[in-house]
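Morning, everyone. One structure today, and I will keep it short. Please have a look at it first.

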Amino acid sequence: MSNEKTVTFPVEGAHVMLFARSIGDYNPAYHDPGDGEGNPMSARAVPPTFPQAVAQFDPDYPLRIKDGEAWFGSGAGPSGIKDKPATSGGLHAEQHFEYIRPIRPGEVLTARYSQGDTWEKESRRAGKLTFTERLVDYYDRDGNHVCRARGIGVRTERPVDQG
């Protein structure tokens, strides 16, 4: 991924509420009707993994269904893709979030993507494993660093031996 890629997105109360519901977190801080207006979509805070919601604002996000294109789906059933998708063969192995300060609803954040380290390890059952680190740094409107998300992906040299 290029060091040049950025995505800007608003942190809105309704988005925070929907994100929290999607992960089964009903903490009132994420959708508080006690905001003085009785608004069930207000939020005072965001869930710890909320920065991942930037994907919904990224036009190039590879897992999003695209109009008029077959989607590879979840792998639980037919997908419409005849051949193996280009993104197969990898595993999202780790995800870390490091907060410099809390993210607050009402902010506008810019996510800056960059490639981190790459390393290899030998496996008995799958051959060489290639680990790739992806970094996403989040900045507020004033350019202050707010959060860093660090994801680790792994690809195998060959299918895992079942024996």
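Ground rules first. This is a predicted model: local features need pLDDT of at least 70, side-chain atom pairs count only at pLDDT 80 or more, and totals for chains, interfaces and linings use all residues. Residues are numbered from 1 along each chain as its sequence is written, and side-chain values use heavy atoms, with hydrogens and water left out.

Now the fold. The chain has one helix and five strands. Both kinds of element are DSSP runs, numbered from the N terminus: helices are H or I with at least four residues, strands are E with at least two. Starting at the N terminus, the order is β-α-β-β-β-β.

A few totals. The chain has 163 residues, and 32% of them are buried. For burial, I use relative accessible area with a 1.4 Å probe and protein chains only: under 20% is buried, over 50% is exposed, and in between is partly exposed. The accessible surface of the chain is about 10,400 Å², with 51% of that on carbon and sulfur atoms. Those areas come from the Shrake-Rupley method with a 1.4 Å probe; for residues, only the protein chains shown count as cover. Then contacts, meaning heavy atoms within 4.5 Å. Take the contacts between residues at least 6 apart in sequence: 61% of them join residues at least 24 apart.

Next, strand pairing. Two strands pair if DSSP finds at least two bridges between them. S1 pairs with S3, residues 108-123, in the antiparallel sense over five bridges. What do S3 and S4 form? A hairpin, with three residues between them.

Trp119 stands opposite Phe131 in S4. The structure holds four aromatic pairs. Trp119 and Phe131 form one that is stacked, at 5.6 Å centre to centre and 5° between the planes. Trp119 is in strand S3 and Phe131 in strand S4, 12 residues apart. The criteria: rings of Phe, Tyr and Trp (its six-membered ring) pair if their centres lie within 6.5 Å; planes under 30 degrees apart are stacked, over 60 edge-to-face, the rest tilted. Buried or partly exposed? Trp119 is partly exposed at 34% relative accessibility. Phe131 is buried at 15%. Elsewhere, ring pairs link Phe9, Phe57 and Tyr138 into a cluster.

The charged end of Lys5 sits over the ring of Tyr113, 5.2 Å from its centre. Arg112 lies over the face of Tyr139, at 4.3 Å from the ring centre. The test is NZ of Lys or CZ of Arg within 6 Å of the ring centre and within 35 degrees of the ring normal.

On to charge pairs. How many salt bridges does the structure hold? Seven. A salt bridge here is a side-chain nitrogen of Lys or Arg within 4 Å of a carboxyl oxygen of Asp or Glu.

Asp60 bridges to Lys5, with the closest N and O atoms 3.8 Å apart. That pair links distant parts of the chain: Asp60 is in the loop between helix H1 (13-22) and strand S2 (90-99), Lys5 is in the segment before strand S1 (6-10), and they are 55 residues apart. Asp60 is exposed, at 55%.

Arg150 bridges to Glu133, and the closest N and O atoms are 2.3 Å apart. Arg150 is in strand S5 (residues 145-156) and Glu133 in strand S4, 17 residues apart. Arg150 is partly exposed at 27%, while Glu133 is buried at 9%.

Arg148 bridges to Asp137, closest N and O atoms 2.8 Å apart. Arg148 lies in strand S5 and Asp137 in strand S4, so the pair ties together parts 11 residues apart in sequence. Arg148 is partly exposed at 29%. Asp137 is buried at 6%. Salt bridges with shared partners also join Lys5, Asp58 and Asp60 into one network.

Last residue. Leu129 is in strand S4, residues 127-139. Leu129 counts as buried, at 15% relative accessibility. Beyond four places away in sequence, Leu129 touches Trp119, Glu120, Lys121, Ser123, Val154, Arg155 and Thr156. Take Val154: 25 residues from Leu129 in sequence, 6.4 Å in space, C-alpha to C-alpha.

That is the tour. Over to you.
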